Each structure stands twice: as structure tokens, then as C-alpha cells.
Amino acid sequence: MKEGKGVWVFIEQRGGKVSEVGLELLGIGRELAGKVNEKLEAVLFGYQTGSMVDELGAYGADTVYVADDPLLEVYNSDAYAVLMQELIEQYKPGMMIVGASNIGSDLAPRVAAKVNTGLSAHCIGFDVDEHGKLLGKVPGFGGAVMADIICPEDYPQMATARPGFFQKLERVEGRKADVVKVEVKLRQEDINIKVLGTSKEELTARPVESADVVVAGGFGIGGEENWKLVEELADALNGSVGATRPPCDEGWADLESQMIGQSGKTVRPSLYIGLGVSGAVHHLVGIQDSKVIVAINKDSKAPIFEAADYGIAADFRQIVPSLIEELKSITG
Amino acid sequence: MKELHSVVCIKPVPDQRFWDKISLDPKTQTLRRAGIPVALGPLDLNALEEALRIKESRGGKVTVVSMGPPGTEEILEWAIVLGADEAVLLSDRAFAGADTLATAYVLASGIKKLGDVDLVFLGNESLDGSTGQVGPQVAEFLGMSHLTHITKIDLTGDNKLEAKFRIEFGSIDVEVKTPVVIAVDKEINEPRLANIWGAVWAQERKINCWSINDVEVDRDKLGLSGSPTQVAGVTTIELKRKGEMLTGEPADIARQLVKKLQTDKVLPEA
Ligand SMILES: Cc1cc2nc3c(=O)[nH]c(=O)nc-3n(C[C@H](O)[C@H](O)[C@H](O)COP(=O)(O)OP(=O)(O)OC[C@H]3O[C@@H](n4cnc5c(N)ncnc54)[C@H](O)[C@@H]3O)c2cc1C
Ligand SMILES: Cc1cc2nc3c(=O)[nH]c(=O)nc-3n(C[C@H](O)[C@H](O)[C@H](O)COP(=O)(O)OP(=O)(O)OC[C@H]3O[C@@H](n4cnc5c(N)ncnc54)[C@H](O)[C@@H]3O)c2cc1C
């Protein structure tokens, strides 16, 4: 498409509940809609969506396009992508932001290819240039850089947005959105993918992305045995354990729930302590919103010291036990 | 049961650390040519492994496909050593600078030329670009369904399979008709290491190199000029903080740190 109007955000739902990232998208979407002076419109696919639609109004959507059908109860890439294409072609949005959750990153590239437009991946910031084009901020290219990815010719201007990077708006009870009901003609027989069921894991520890104190271990921890020290320090602080990428590759930590950084979680604790972490930008972008950053690394030239409030150039095995001891004096 | 033709898309990624991670039979060391900074991404190895296991259990063949500059032969050769039957390198100046859509377009054109394909495997995301967008987009150009974040596959019939799609704190189990494009996660399997027979196997096989003249493509959709996304600018991120270094004996450092964190109000007072 060569034109479009309106800022669309895709609202992911699971088990009949609007996902956190969906609400975050309404937050950033509102900001973008203000910049281009267009409406903020939410797209919701699901089944028995009534109360969710109300939520979206309360969290700032001007319009909600809602497709309600048993076929859409659980995410199905065949059904969702075809339906989204139809909607885009009918209503021609100017921008479309999708959460970079597993479901969102499954859906968005397919939709972008269907409507033949570009897609900026896993953005951690957005802006609008002087021509009203969406700039997606993607960290990477190896160094301490942020690339602005733009899609100069095609509409909608599409991007996926990293969960946890954007703030949702205050909920305003009773605020209502216009509702546009979307007819769903698609049937299970028309598509190749059939959902058999879903499963949910029980959360054992407090997720690192919502913890107030995060202790992150890096490759410098050196092994599974030493990893216990990371956990002990986190316990002493009543915090959660995070990790850089190598410990997850090595199996000391869990990639899915504990990796912090560009391709993992974003944390916003009051206190972040990095042990044996060198300070690669890929990791630092995930901790930059921490209030205080402490780094313990035996190499006094490690780049993390530049990005830290307090640095300790020493072997973590010497410092951590003393620190745990000292903390006992305040926690009793 | 029907034999299956699997295609595996593998991307050359510039990561030399990766080479240290595979333990290689010293006798096949000839394949490690120093100075060529390409490697096969870890998830692409999982994708290849899954295809090889299907070939072993069901019969059929595995074709690896890569788009990349000259030098990419290295990873295709490696995939053959691990057990792939055929390899295709899509290489042309016109392909360079592609975003994910233009990358997927070229990969799909190569896969179409291969004829009947039942399964197309990819890594869930590459080691360098990591957008995770190529799989679903290849599927669109091939007119197949796609699955991503897949941690388990069960072939349940000649033309269907069941798969586990990992999502945050859970999963969605699906059944899908083939042909289908599948992007796999790390948990799906443990990739094999090369053995001595791999080198022997590889000697009998060659890599097909296809340029723009060998595939059916619209020139306007290729490479940098065919990419809808562009890099508009690059800015440095301001990550710098005060970087106050604490020194002394461990116990002394611990005391200083706790005090400072209390002053900053991120730790409670005693
Ligand atoms: C596209 C892409 C995406 C990526 N995404 C992420 C991401 O999301 N998250 C992420 O973390 N990484 C990511 N990475 C990897 C990232 O580039 C770095 O490789 C990684 O963050 C480094 O982890 P590290 O600091 O633990 O290890 P290293 O860089 O190996 O550092 C280990 C540190 O430990 C110190 N050390 C060693 N022993 C001790 C000791 N006894 N006491 C104290 N210090 C010690 C060393 O001095 C060293 O500084 C990504 C990479 C790419 C290419
Ligand atoms: C830091 C950075 C940011 C980028 N941001 C964007 C962006 O926002 N939008 C955009 O459209 N492009 C972006 N790109 C460009 C994009 O990385 C390239 O288009 C690249 O060719 C393919 O994307 P990927 O590496 O992200 O692949 P992914 O989609 O992450 O790769 C998944 C799988 O696809 C297969 N695959 C990918 N490339 C090939 C290949 N050349 N040959 C064979 N198989 C392959 C592999 O199996 C791989 O595991 C970015 C690149 C970088 C380095």
C-alpha cells in the first residue's frame, strides 16, 4: 500500500485476558498517534471478548476492531494472519505495532509479507520523522549503537515492540472506544493449522523482569558450582537471578526466563548487580533502566564499569561472601 | 510411509567463537579454514538436526540452502559433513544488502526451484540479525503455513504433523498439514557432532551455486533496493554512568557498597 492512516496496535490475548504487552502498545501507540495527529486503534482477535474490549477503551484506544470467533480463541498463525491482512487491506492503517512476544513475532512478519511492507524488529524505542514516517529503534550492529529502521515507501509502517520497554497509560474507568465488529468468515476447514490445546507453566520464582533487585551472573561465574553464589546473593537481597547469554548457552541459567538484554528480558529494578559480566551492549540495553547498577568484575578495564554507578574490580568469589555477610546486618 | 524431502535454511553468521564450541574430529580439521569468519548459527544446527532425524526415521533427503556471499560454501560443506544430501548456495551481487523480506524472497525462489518439498526448516532466529522474521516470510512466498518457536515435532501421518509452539510461560500444541515451514528452538534437539565418515560423505558431494540467472525472481524485489526497510541512521546509546570504583579489602568494600546503596535508597536502613 502506498498510503494509510491511523496508528494500529495488535492486542494479544491469552485465556481471555489482554496481555501486558498489548496495554504497553496502547501507551506507545498513543504517543505516536499524537505525533501524527491520527487515531489510536486496537485490533483484538479472540472469543468472548466483551470485557477485553472495555479494558482497551479504559487504557486509551479510540477504536477497537474486534473479531470474535471460537476459531480465534487461541492464537493460530493461519487464521490470524489471513484475518489481519483482510483488515489492513480494508481499513488501510498508517502504522501497525505488534508486540515482540513469541506470538507477536510469529504473526507480524507473515502479515508484513502478505501486505508487502517492511517490518522493524524488536524495537525498544520509536519516533516519527519530519515526513511522519515511523522510526523504529533497533539496538545492534555489533557496537554501542542504535539503528533507526525506517520503511520509506510502503504502508502500513510496521514494527514489533519489545515487551517491557513501553509504559501503559493510566486506566480510566468508563472511558469508551468505538467498536468495529469484524466478520469472521474463515472456518477451520479453510486452513492448515489446527490448535490441539495449550499448556501453562507454573511460575516458581518471581520473574526477573518485575523484580526490584536483580543479581545477574555472566560467563565469568565459570561454572554451575559457582552459580550458587549468584543465587545466594540474590536470596540475601530478596531479589531474582538474571544472566547474560553465555551462562544460558552453558545451561547454568535458563534462556527463556533469565536472560537479560536485547534478545531476552528487560529489567527495571532499583538495584542491579552484575557478577562476572563484561558489559556487552546487547546486555546493557536490557539493564539501562535500572536505578542503580553495581558491577563486580576482576578485569578493571571491563566495559561494564563505564555503565555502572559503582564498580568493584575484584574476583566475585572474594566479594560476594563478604557482601552477603554485610547484608545480614541490615536484614537481621 | 512416504519419504520426505526437507529443506534447511542456514545462514552464514560472522561468529568465530562458535568454531571453538564444536569439537571436531582432528582428521576433519581440513574443513576449518582459518580466516573465513563465517559459522553456522546454533539454531540452524538444531534445524539441520531435526531434518536429519526425519530422514533417518522416514527416509527421504535433506537439502541445505543458504543465501550469502562467496565464502558461504564453508557452512554448506559443514552441513554436508553432518549429513545433508544436497546443498545450494544462492549468491549474487544483486542479493546483497537485503532486509528480511528480500532475504526470504530469494530463499523461497531457490526452494521453489528444488521442486517437491515437504518440510522447510529454519532456526528461530539468527545469531546476528536475530529478527526471527525470515521463517514466516519464506512461508508466505512459498504459500505454505508456518510455525515458529517449535520445541517438538511428531510426524503423525504422511501429510501432517504435530508440533509444540513455545510461548511465554507455556505452549500451544498444533496439528498442521504439510508442506509447512518450521522455525525451531534450541530445546528441540541436541545437534550431532561431525564424525570421520562425514568427510568421506562430503567428498562425493558438491555445492550448487545459483545466481540471479538460475532462479525466477523479479529484480525489483532483490537486495538493498528491493528491501522495504532501510537503516535511516545510527546513533550511539548513552549508557555511561558515574563508574565510582570501590577499593579495599573485601569486607571493607562490602561495607562501603551497602552504605552507598542505602544512601541511594535502594537498600533499607539497618
Ligand atoms: C544479536 C546478538 C544478540 C545478543 N543478545 C544478548 C542478550 O540479550 N543478552 C546478553 O547477555 N547477551 C547477548 N548477546 C551476547 C553478547 O554480545 C555478549 O557476548 C554477552 O553479553 C557476554 O556475556 P558475559 O558478559 O557474561 O561474558 P563475557 O563477555 O565472556 O564476560 C565475562 C566477564 O567475566 C569476568 N570474570 C571472569 N572471571 C571472573 C571472576 N572470577 N570474578 C569476576 N569477574 C570475572 C571477565 O573479566 C569478563 O569481563 C547477544 C549477541 C548478539 C550477537
Ligand atoms: C542488528 C540488525 C538489525 C536488523 N534489523 C532489521 C529489521 O528491523 N528489519 C529487517 O527487515 N531486517 C533487519 N535486519 C536485516 C536482517 O538481519 C537481514 O535481512 C538478514 O539477511 C536476515 O535476517 P535475520 O538475520 O534477522 O534472520 P532471522 O529471521 O533471525 O533468521 C531465522 C532463520 O532464517 C534462516 N536464514 C536467515 N537468513 C538466511 C540466509 N541468508 N540464508 C539462509 N537462511 C537464512 C536461518 O535458518 C535463520 O536461523 C537487521 C540486521 C541487523 C544486523
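Which helix of chain A holds both A:Lys228 and A:Glu225, and how many residues apart are they? Both lie in helix H5 (residues 224–236) of chain A, three residues apart, which is about one turn of the helix. Helices here are DSSP runs of H or I with at least four residues, strands are DSSP runs of E with at least two, and both are numbered from the N terminus.

## Basis of the model

This is a predicted model, in which local features need pLDDT of at least 70 and side-chain atom pairs count only at pLDDT 80 or more, while totals for chains, interfaces and linings use all residues. Residues are numbered from 1 along each chain as its sequence is written, chains are lettered from A and ligands numbered from 1 in the order in which they are written, and side-chain values use heavy atoms, with hydrogens and water left out.

The side chains of A:Lys228 and A:Glu225 form a salt bridge with an N to O distance of 3.3 Å. The term salt bridge stands for a side-chain nitrogen of Lys or Arg within 4 Å of a carboxyl oxygen of Asp or Glu. A:Lys228 is partly exposed at a relative accessible area of 42%, and A:Glu225 is exposed at 58%. In these classes, buried is under 20% relative accessible area, exposed is over 50%, and partly exposed is in between (1.4 Å probe, protein chains only).

## Salt bridges within chain B

Over all chains, the whole structure has 34 salt bridges. One of the pairs is B:Arg192 with B:Glu56, whose closest N and O atoms are 2.7 Å apart. B:Arg192 sits in the loop between strand E10 (180–184) and helix H6 (196–203) of chain B, and B:Glu56 in helix H2 (residues 42–58) of chain B, so the pair ties together parts 136 residues apart in sequence. B:Arg192 is partly exposed at 25% relative accessibility, and B:Glu56 is exposed at 51%.

A further pair is B:Lys260 with B:Glu244, with the closest N and O atoms 2.9 Å apart. Helix H7 (residues 250–263) of chain B carries B:Lys260 and strand E13 of chain B carries B:Glu244, so this pair ties together parts 16 residues apart in sequence. B:Lys260 is partly exposed at 25% relative accessibility, as is B:Glu244 at 29%.

## The interface between chains A and B

The contact (heavy atoms within 4.5 Å) takes 81 residues from chain A and 68 residues from chain B. The two chains bury about 6,800 Å² between them, 57% of it on carbon and sulfur atoms. Buried area is the accessible area (1.4 Å probe) that two parts lose on being put together, summed over both. A:Arg110, A:Tyr310 and A:Ile330 supply 11% of the area that chain A buries against chain B, more than any other three residues.

Six salt bridges are counted between chain A and chain B. In one of them, A:Arg110 pairs with B:Glu140, the closest N and O atoms being 2.7 Å apart. Helix H4 (residues 102–114) of chain A gives the largest share of the side of chain A that touches chain B, nine residues.

## Strand pairing across the interface

Strand E18 (residues 310–312) of chain A and strand E13 (residues 244–245) of chain B run parallel and are joined by two bridges. Strands pair if DSSP finds at least two bridges between them. The bridge partner of A:Tyr310 in E13(B) is B:Glu244.
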